[in-house]
Amino acid sequence: MTEKPEESLEARLKRLGEDLASRRTDPSDKAELRGAESRKGYAEAMKLSSEFIAGIVVGAFLGYLLDHFAGTGPWGMIVLLLLGFCAGILNVLRSAGLVAKPDQHGRGPGNEKKDGDGV
């Protein structure tokens, strides 16, 4: 209590200034967060589009090979191109999380765990 009121006021103002400086967010930090979100969305869009296009290209290529070696005319390419299109859509839906992925442990429909089974 021997301090002068002016000194304690100056010390409190200094502490308050330091506290405010530590709590302020830099505008460049906000811009960096927005940029990171934008890059994340762009990466997801590129992943989904490449999976879709890959399904179509693989289907068309396999159809071309079937037509070339089996002599089936355009029908192999048409059918496998449509199958590739469907596979591409299914891959996109799986990647987006809208369709469940295939069961990895073989416990799908019809393979339920029985009472005497282990794990």
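**Exercise 1. Determine how many salt bridges the predicted model holds and which residues form them.**

*Solution.* The count comes to one salt bridge in this predicted model. The partners are E32 and R39, whose closest N and O atoms are 3.5 Å apart.

**Exercise 2. Describe the secondary structure of the protein chain and state what share of its residues is buried.**

*Solution.* The protein chain has three helices and zero strands. Read from the N terminus, the order of elements is α-α-α. Of the 119 residues in the chain, 8% are buried.

**Exercise 3. Identify the aromatic pair, classify its geometry and state which elements it ties together.**

*Solution.* The structure contains one aromatic pair. F52 and F85 form this pair, with 5.5 Å from centre to centre and 70 degrees between the planes. Planes over 60 degrees apart count as edge-to-face, so the angle of 70 degrees places the pair in that class. F52 belongs to helix 2 (residues 27-70) and F85 to helix 3 (residues 75-96); the pair therefore ties together parts that are 33 residues apart in sequence. Both partners are partly exposed: F52 has a relative accessibility of 25%, and F85 has a relative accessible area of 36%.

**Exercise 4. Check the span of helix 3 and locate its buried glycines and its exposed residues.**

*Solution.* Helix 3 has 22 residues, which at 1.5 Å a residue should span 32 Å; the end C-alpha atoms are 32 Å apart, in agreement. Within helix 3, the residues G76, G84 and G88 are buried. These three cover an arc of only 95 degrees around the axis, so they lie on the same side of helix 3. As a general principle, an α-helix has 3.6 residues a turn, so residues three or four places apart point the same way. On the face of helix 3 turned away from its buried side are the exposed residues W75, L82 and L83.

Note on methods. Residues numbered from 1 in each chain as written. Predicted model: local features only at pLDDT ≥ 70, side-chain atom pairs only at ≥ 80, totals over all residues. Heavy atoms only, no water. Phe/Tyr/Trp six-rings, centres within 6.5 Å; stacked < 30°, edge-to-face > 60°. Helix = DSSP H or I, 4+ residues; strand = E, 2+ residues; numbered from the N terminus. Buried < 20%, exposed > 50% of the residue type's maximum accessible area, 1.4 Å probe, protein only. Expected span 1.5 Å × (residues − 1). Arc of directions from axis to C-beta. Salt bridge = Lys/Arg side-chain N within 4 Å of Asp/Glu carboxyl O.
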